[in-house]
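I opened this model to look up two things. The entries follow in the order I made them.

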Amino acid sequence: MTESQELSEHGRATALSHSFSEFFGAPADGLWRAPGRVNLISEHLDYNNGLVLPFAINRSAVLGIRLIPESNTSEVVSTWVDPATGNQAHDTFRMDRLAPGGVTGWASGLAGVAWALQQTTGAPVPAFQALVDSNVPVGSGLSSSHAVEVSLALALAELTGADVDRRDLARITQRAENDFIGAPTGIMDQSASLLSTAGHAILLNCRTLETEHIPLPLEQAGVRLMVVDTRVAHRNNDGGYAARRNACEESARLLGVETLGDVPTGTDLSELPEHLRPKARHVLNERARVQTAVNCLRAGDWAGLGHALNESHESLRDDYNVSCPELDLAVETMQKAGALGARMTGAGFGGSAIGLFCDADIPQAKTAVKEAFAHAKWVEPRLFTVLPGPGADRLR
Ligand code: GLA
């Protein structure tokens, strides 16, 4: 990370400390930071027990927290303004009444983490006050909600002295998503936030949570990853995601294996019913592309990596059917503007696309994407570059 990024993080932490004391009338017990993620390649492989290749980005949620064991009601507030109400997100929930589905909306992830930690360790979690500030755009498909959840999970684990490690915390935050919120997501996003190291992508085995850190020296190589946040808000609990997951589970059952991660490479998929075949094909081909991407990174072959990104997008668009017109336009425009490769990233159905560029091509690519969206009469997308940053940690 550059010095200015570190300074701005220090500045954010200081501002958050002040706001915390002002809002709650007492200082925070501590401040924790957890990053969002970009998935380089390996989409929809985590719940198929595959290998995934995300990295933590240099954008994060910062959370200040104070335990208030004398109370049974937690109070959580964010600097984020909910566009639906025009108000800062602010909620309270009773700790002795936490139950799946009992808290909805913005605070559900925070309540869910407290609930899942309690369920997993068997020890009650005291009430708390928390203030969150994040520069991971909400709904961008860059794991903005996981960043907030992970920051709270780390904070609560440390403040309560829970006997859990980072892999346990990944499972706990997944449990919050799956069982409390009702979003049937995999384990990639929280693991990327918890287990990444700066300057690296993380090759994560989603069955065992074993990791290997693969160098991702973007700056040194003179290449950049540009994010196009289409501002089509994406959600993982509205049916499309679950339908893909169910299709994979059904294919695995018909092929006589536990998950599509267990299907040998080159397996003939022609026996699968027609509506399942393209989805299973995406999973098998994407598995192979992860290996290609790792080989390319090890060899410094950025053009080869770009090619794999392009293929991944085609597969997500045509076989897995999770892209949308805005993501497709972002990807095509970046490809025409000189990208080495481009693809949607994250679950799809909106959110963000990424493009891999040589440094010099970034300005023209930004102009081209803005013009293409203006021409289509869509909201102006958010454009920014990202670097592989460090995983979640305590700031103060
Ligand atoms: C979302 C989920 C992840 C993963 C991706 C798709 O980000 O939270 O678990 O399934 O979609 O790769």
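Entry 1, a helix pair. I looked up which residues touch, and found that G109, L110, V113, A114 and L117 in α2 meet V148, E149, L152, A153, L156 and A157 in α3. Contact here means heavy atoms within 4.5 Å. I note that the model is predicted, that local features need pLDDT of at least 70 and side-chain atom pairs pLDDT 80 or more, while totals for chains, interfaces and linings use all residues. Residues are numbered from 1 along each chain as its sequence is written, and side-chain values use heavy atoms, without hydrogens or water.

I sorted the residues of this contact of α2 with α3 and got nine nonpolar, one polar and one charged. For this sorting, Ala, Val, Leu, Ile, Met, Phe, Trp, Tyr, Cys and Pro are nonpolar, Asp, Glu, Lys and Arg are charged, and the others, Gly among them, are polar.

Next I checked the geometry. α2 spans residues 108-121 and α3 residues 144-160; their axes come within 9 Å and cross at roughly 40°. Helices are DSSP runs (H or I, at least four residues), numbered from the N terminus. Axes are lines fitted to C-alpha atoms over the stretch in contact, with angles from 0 to 180 degrees between N-to-C directions.

I found 13 residues around the ligand, the closest being E43, H44, D46, D189 and Y241; a residue counts if one of its heavy atoms lies within 4 Å. The shell divides into four nonpolar, five polar and four charged residues.

Notes: Helices (H or I, at least four residues) and strands (E, at least two) are DSSP runs, numbered from the N terminus.
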